[in-house]
Amino acid sequence: MLDVTKQIVITVQRLFPELAVYTESMSGGKFEEPSIFVRRISLSVKPLMQGGRQQNYSFELSYFPPPDSQINEELDKMAEVLTASLVTVDGENNDKLARITNREFSIVDDVLHLIFDLTTYSHETIDKLDQSLEIKQLLNRRNDGKKSN
């Protein structure tokens, strides 16, 4: 099963190799600065035809600027860089997993927050579908046999 959060972290690390990227809170609550914190906010799943499903994720990316920088200028610059460069999330084989949508930036307490969505699709394997169809056919044959008795 694909870990979407991990794939976002890998994508962010490729864009910003000089920054530490966290997915868990630090003891004491303080991150190394500059750094990025990534967390999933929500996940909804919608079943699709033929055993597939659509997964809709919402994530938050928080950027902690260097403490000795011009904070507002640094946050504005990072927002522009993220707007231009964080457009898709890479998959496990460097293919494009999903396009990032609904990006919304805010600054709270000198931290840049980016809330964004992405959607992925998955499908049951053909073997599972075939097996499911075979079971249904077998049950139908049994039910048909019971009706004729």
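**Strands, helices and cores**

Trainee: Which residue in β3 is the bridge partner of Arg40?
Mentor: The bridge partner of Arg40 in β3 is Phe59. Before going on, note that this is a predicted model, where local features need pLDDT of at least 70 and side-chain atom pairs count only at pLDDT 80 or more, while totals for chains, interfaces and linings use all residues. Residues are numbered from 1 along each chain as its sequence is written, and side-chain values use heavy atoms, with hydrogens and water left out.

Trainee: Got it. How many helices and strands does the chain have?
Mentor: Three helices and six strands. Helices (H or I, at least four residues) and strands (E, at least two) are DSSP runs, numbered from the N terminus. Starting from that end, the order of elements is α-β-β-β-α-β-β-β-α.

Trainee: And in what order do the strands sit in the sheet?
Mentor: The sheet is open, has mixed pairing and runs β1-β2-β3-β6-β5-β4. At its edges are β1 (20–22) and β4 (88–90), each pairing on one side only. From one strand to the next, the twist averages 30°. Two strands pair if DSSP finds at least two bridges between them.

Trainee: What holds paired strands together in general?
Mentor: Backbone hydrogen bonds, with the strands either parallel or antiparallel.

Trainee: Back to β3, then. How many bridges does β3 make with β6?
Mentor: Eleven, and the two run antiparallel. One example is Asn56, whose bridge partner in β6 is Thr119. In the hairpin of β2 and β3, five residues lie between the strands, and Gln50 takes a positive phi near 60° there. Strand β2 (residues 35–47) and strand β3 (residues 53–64) are antiparallel too, with twelve bridges. Ile36 has Tyr63 of β3 as its bridge partner.

Trainee: Which strands does helix α1 touch?
Mentor: Helix α1 (residues 4–15) packs on the sheet, touching β1, β2, β3, β4, β5 (96–108) and β6, and its direction makes about 100° with that of β4. Helix α2 (residues 71–85) also packs on the sheet, against β3, β5 and β6, at about 160° to the direction of β5. For those angles, axes are lines fitted to C-alpha atoms, for helices over the stretch in contact, and angles run from 0 to 180 degrees between N-to-C directions. Contact means heavy atoms within 4.5 Å.

Trainee: Is β3 buried or exposed?
Mentor: Ten of its twelve residues are buried, so β3 is largely enclosed by the rest of the structure. Buried means under 20% relative accessible area, exposed over 50%, and partly exposed in between (1.4 Å probe, protein chains only). For the chain, buried residues make up 33% of the 149 residues.

Trainee: Which residues have the most contacts inside the largest nonpolar core?
Mentor: Ile8, Ile36, Leu61 and Leu118, in a core of 25 residues. At least two residues of this core come from each of α1, β2, β3, α2, β5 and β6. A nonpolar core here is a set of buried Ala, Val, Leu, Ile, Met, Phe, Trp, Tyr and Cys residues joined through side-chain atoms within 4.5 Å. Leaving out residues up to four places away in sequence, Ile8 touches Val38, Phe59, Val89, Phe116 and Leu118. A second, separate core of five residues includes Tyr22, Phe31, Phe37 and Val111.

Trainee: Changing topic: how many aromatic pairs are there?
Mentor: Five. The ring centres of Phe31 and Phe64 lie 4.9 Å apart with planes at 40°, so that pair is tilted. Phe31 is in the loop between β1 and β2 and Phe64 in strand β3, 33 residues apart, so to speak a link between distant parts of the chain. Both Phe31 and Phe64 are buried. Tyr57 and Phe59 form a stacked pair, because their centres are 5.9 Å apart and their planes at 25°. Rings of Phe, Tyr and Trp (its six-membered ring) pair if their centres lie within 6.5 Å; planes under 30 degrees apart count as stacked, over 60 as edge-to-face and the rest as tilted.

Trainee: Last one: is His113 buried or exposed?
Mentor: His113 counts as buried, because its relative accessibility is 17%. His113 lies in strand β6 (residues 111–122).
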